[in-house]
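Welcome! Have a look at it first, then try each task before reading its solution.

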Amino acid sequence: MDINMQKRNEVLAQNVIKGLESRNMSGYYAADREAAVKQALELIPEGSSIAMGGCTSAHEIGLIKALEDGNYNYINRAKMSPRESLMAAYDADVFLSSANAITSDGVMVNIDGNSNRVSCIAQGPKKVVFIVGMNKVCSDLDAAMKRARNVAAPANAQRFEVKTPCKTAGKCLDCKSPDTICCQFLITRYSRHKDRIHVILVNDILGL
């Protein structure tokens, strides 16, 4: 990444963190992937049960490997039925996620097909830790919604065996396809529960 973009991201991250704090959420800046893993592990006590809803960013920074190699109870949903993994996630000590987009003042946008991820963000797990690349930061809620729908969703559609208009058009067509992955939209603008939501902003391009 260009050094000037890195500097810009560092300054912007501080504004996002201030916005998160005003919304009763905690924000952290990580200069790189290694720093992001270190910060995440400081937020996750050893022995914790940890669930995830398909957070590619957590894999990309090496956090999942660190959890699997360490003294943690990482809940691997690939080894469970969808219902079993969802119930385990609701009862987990920590839930890992990313955001499809986040505004410069700390509002997060997430879209789901099965709502397993957005439902756990909204309620259930004792703590939610977000891993968010600075490429996800948008100027305002309108821009965040547009990114979630026209960048994140069409890109995510490529990962799955689905037949949606966005998969071939590369942009949202507001479809009602039986395969749509845009069933639930979650806007997280405030956390009623202090110390529940933690957002690690990584000065890197992560996720979709």
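A residue is called buried at under 20% relative accessible area, exposed at over 50%, and partly exposed in between (1.4 Å probe, protein chains only). The model is predicted, so local features need pLDDT of at least 70 and side-chain atom pairs count only at pLDDT 80 or more, while totals for chains, interfaces and linings use all residues. Residues are numbered from 1 along each chain as its sequence is written, and side-chain values use heavy atoms, with hydrogens and water left out.

**Exercise 1.** Find out whether Leu-86 is buried or exposed, and which residues it is in contact with, leaving aside neighbours within four places in sequence.

*Solution.* 
- Start with the location: Leu-86 is found in helix H5. Helices (H or I, at least four residues) and strands (E, at least two) are DSSP runs, numbered from the N terminus.
- Next, check the accessibility: Leu-86 has a relative value of 17%, so it counts as buried.
- Then list the contacts (heavy atoms within 4.5 Å). Beyond its neighbours within four places in sequence, Leu-86 touches Asn-116, Ser-119 and Cys-120.

**Exercise 2.** Work out which residues of helix H5 are buried and what covers them.

*Solution.* 
- H5 runs over residues 82-90, and its buried residues are Ser-85, Leu-86 and Ala-89.
- These residues lie on the same side of H5, because they cover an arc of only 100 degrees around the axis. The arc is that of the directions from the helix axis to the C-beta atoms.
- Their cover includes strand E2 (49-52), strand E4 (94-97) and helix H6 (116-122).

**Exercise 3.** Identify the members of the largest nonpolar core that touch the most other members, and the element that gives the largest share.

*Solution.* 
- A nonpolar core is a set of buried Ala, Val, Leu, Ile, Met, Phe, Trp, Tyr and Cys residues joined through side-chain atoms within 4.5 Å.
- The largest one has 27 residues, and Ile-102, Met-108, Phe-130, Val-199 and Leu-201 touch the most other members.
- Two or more residues come from each of helix H1 (3-22), H5, H6, strand E7 (127-133) and strand E10 (197-202). H1 gives the largest share, with five residues.
- A second, separate core holds 24 residues, among them Val-37, Ile-44, Ala-58 and Val-129.
- As background, nonpolar side chains tend to be buried together in soluble globular proteins.
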